[in-house]
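Please keep the sequence and the model in view while reading.

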Amino acid sequence: MKSSLFNILGPVMIGPSSSHTAGAARLGRAAYMMLGKPPRKVRFTLHGSFAETYRGHGTDRALVAGLLGMQPYDEGLRDSLQLAKDQGIQVEFVPGDLGDVHPNTVLIEMTDDQGQEHTLMGSSIGGGNVRILQVDSAKADFSGEYPVILTTHRDQVGALSHITQVLAEQGVNIVTLRLTREKRGDLAFAIIETDTLADPAALQAIRSLDEVLAVTSLEKLL
């Protein structure tokens, strides 16, 4: 798949760099999957070389294309800025310093049609590959090679085991699991990579747990 990706991207990508086009589109698509639909407003804070070359390499079009739900090879990528405008989506690009991160990094701040705000930060690390570094207020570190389940739950004894028990009962195998929390006894965040995409029944079973406040599922990006 990876070896043939460049052959697919060649005629439809705006820029010559897979880091600035394919990777950027995947980061935008990850943000799209968080919401399940395009946002009403989005602000892209571009770091490092993303900020310096985003127009020339088509990073702006790729990010917006992903945010509209497109794959990196979708021919609509070339017209994504106009498509977003036609849908009434407010789009803003600003340069910024996101700290000690890869030079091809973007912070995506979105507002959905209910007025709720969501953020995703990720890096395009070369060859179309990405790393997701933050999802809303939770620190993250995953590649998109596998489907991911993101949960926000109360930091209490047994909460995580209840979540993983549901996945086991639904036949979903866990590849990696990362757990963070804001402070003891407050909110905790689980980032769970799985071999297969969890079906709606599994996600609903997790949502129904008393200690779980929010659940998001992302398809694999690669």
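The buried residues of α6 are covered by elements that include β7 (148–154), β8 (174–181), β9 (187–194), α7 (200–207) and β10 (212–218), where contact means heavy atoms within 4.5 Å. This is a predicted model, in which local features need pLDDT of at least 70 and side-chain atom pairs count only at pLDDT 80 or more, while totals for chains, interfaces and linings use all residues. Residues are numbered from 1 along each chain as its sequence is written, and side-chain values use heavy atoms, with hydrogens and water left out.

**Helix α6**
- In α6 (residues 159–169), Ala159, Ile163, Val166 and Leu167 are buried, that is, under 20% relative accessible area with a 1.4 Å probe and protein chains only, whereas exposed means over 50%.
- These residues lie on the same side of α6 because they cover an arc of only 100° around the axis, the arc being that of the directions from the helix axis to the C-beta atoms.
- Ala168 and Glu169 are exposed on the face of α6 turned away from its buried side.

**Helix α4**
- Helix α4 (residues 59–67) is mostly covered, with 8 of its 9 residues buried, among them Asp60 and Leu63.
- Just after α4, Gly69 takes a positive phi of about 95°.

**The sheet**
- Four strands form an open sheet in the order β8-β9-β7-β10 with antiparallel pairing, where two strands pair if DSSP finds at least two bridges between them.
- Its edge strands, β8 and β10, each pair on one side only.
- Strands β7 and β10 pair in the antiparallel sense over 6 bridges, and Ile149 has Ser217 in β10 as its bridge partner.

Technical notes:
Helices (H or I, at least four residues) and strands (E, at least two) are DSSP runs, numbered from the N terminus.
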